[in-house]
Amino acid sequence: MLRGRFAFDPESHVYSLYGKRYRYIVPGTTEILRAAGYYATAFYTREGRERGSAIHRLSAALDLGLVDVDKLMRLSISGYLRAFVRFKEESTHRFDAEWIEGAVVNRRLGFATHVDRAGALGGPMVLNLKTGSPSPADPVQSALELLALDGRWSPRRRYTLYLGANGRYKLVEHVNAGDERSALEALGIWRRNEHQESRHGRLALLDPVPA
C-alpha cells in the first residue's frame, strides 16, 4: 500500500502522494488506458478534450447550484448542457449525485482517477460524462473508477452518459464483469512499460495484477 497525503493538481492533471521525504506520482486512468492501447491519438482531438473539460466544469457548477441554467443555455456548447439537464429531468430513477468531480486514489493498486459523479441512480452508482462517441475504453475506464472509488470490486452500478450537441443523451450501463480484469490488465501493462520505482514508489508495496 502506498502511504502519504494525496493531492491532485488540476492544472497539470497530476496525482501525487506526499510523505516526509518523498513524493510519488500516481498514474491516472488516462495514462493507464493509453499505455494499454485504448486511446488513439487521432480519435481524441484537442477540441474534443477542451469541450469535454468545459462540460465537466459547467455541469458540476450546475449540480452544485453555482450557476443559473438560463445563462448556460446561451453558450455555444449549450446543446451538451441541455442534454445533461434533460437526463436529470427525465431519468426513470432519481439521480442523486453525492460525489461531484472529485479525485480519488486506490493506494493498494497504485493509481488514481477523477470521478465525474457517484451516488444513486436506481441503486449505488458511478457515472462518467462523455461528449464524444462511445469507445472501447469507456467500460474499462468505468471499471477503474469503481476500483478507485470503492477500493475493490463492488456491486456499484457503472454508467457512461453520452451527451450530444443536439441536446440528446444516451445512458449506457456497463454490466460486463470482465471489465474488472480488463482494467487490471491495463494497469499491469502500465506497470511493465511505464513504472519507475524512484518516481512512482516500490511495486512490492502494491497488490499484484494480472500479467
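This note goes through the overall build of the predicted model and then a few of its residues.

1. Basis. Residues are numbered from 1 along each chain as its sequence is written, and side-chain values use heavy atoms, with hydrogens and water left out. As the model is predicted, local features need pLDDT of at least 70 and side-chain atom pairs count only at pLDDT 80 or more, while totals for chains, interfaces and linings use all residues.

2. Secondary structure. The protein chain contains seven helices and eight strands. These are DSSP runs numbered from the N terminus, with helices being H or I of at least four residues and strands E of at least two.

3. Overall dimensions. The radius of gyration of the protein chain is 17 Å, which agrees with the value near 17 Å for a compact globule of 211 residues. That radius is taken over C-alpha atoms, and the globule rule is 2.2 Å times the number of residues to the power 0.38. The C-alpha trace spans about 50 × 35 × 35 Å along its principal axes.

4. Of the 211 residues, 46% are buried (under 20% relative accessible area; exposed is over 50%, partly exposed in between; 1.4 Å probe, protein chains only). Among contacts (heavy atoms within 4.5 Å) with a separation of 6 or more, 58% are between residues 24 or more positions apart.

5. Surface and charge. The protein chain has an accessible surface of about 11300 Å², and carbon and sulfur atoms hold 48% of this; the areas come from the Shrake-Rupley method with a 1.4 Å probe, and for residues only the protein chains shown count as cover. There are 31 positive and 24 negative side chains, with the centres of the two sets 4 Å apart. Lys and Arg count as positive and Asp and Glu as negative, without His and the chain ends; each charge is placed at NZ of Lys, CZ of Arg, CG of Asp or CD of Glu.

6. S16. This residue lies in strand β2 (residues 14–18) and counts as buried because its relative accessibility is 2%. The side chains of S16 and R23 form a polar contact of 3.1 Å (a pair of N or O atoms within 3.5 Å; within protein, one must be able to donate a hydrogen and the other to accept it, and residues adjacent in sequence count only if both atoms are side-chain atoms). Beyond its neighbours within four places in sequence, S16 touches R5, F6, A7, R23, Y24, I25 and V26.

7. Positive phi. H13, in the loop between β1 (5–9) and β2, has phi near 55°, a positive value in a residue other than glycine. H13 is partly exposed, at 44% relative accessibility. E101, in strand β4 (residues 96–106), is not a glycine either and has a positive phi of about 50°.
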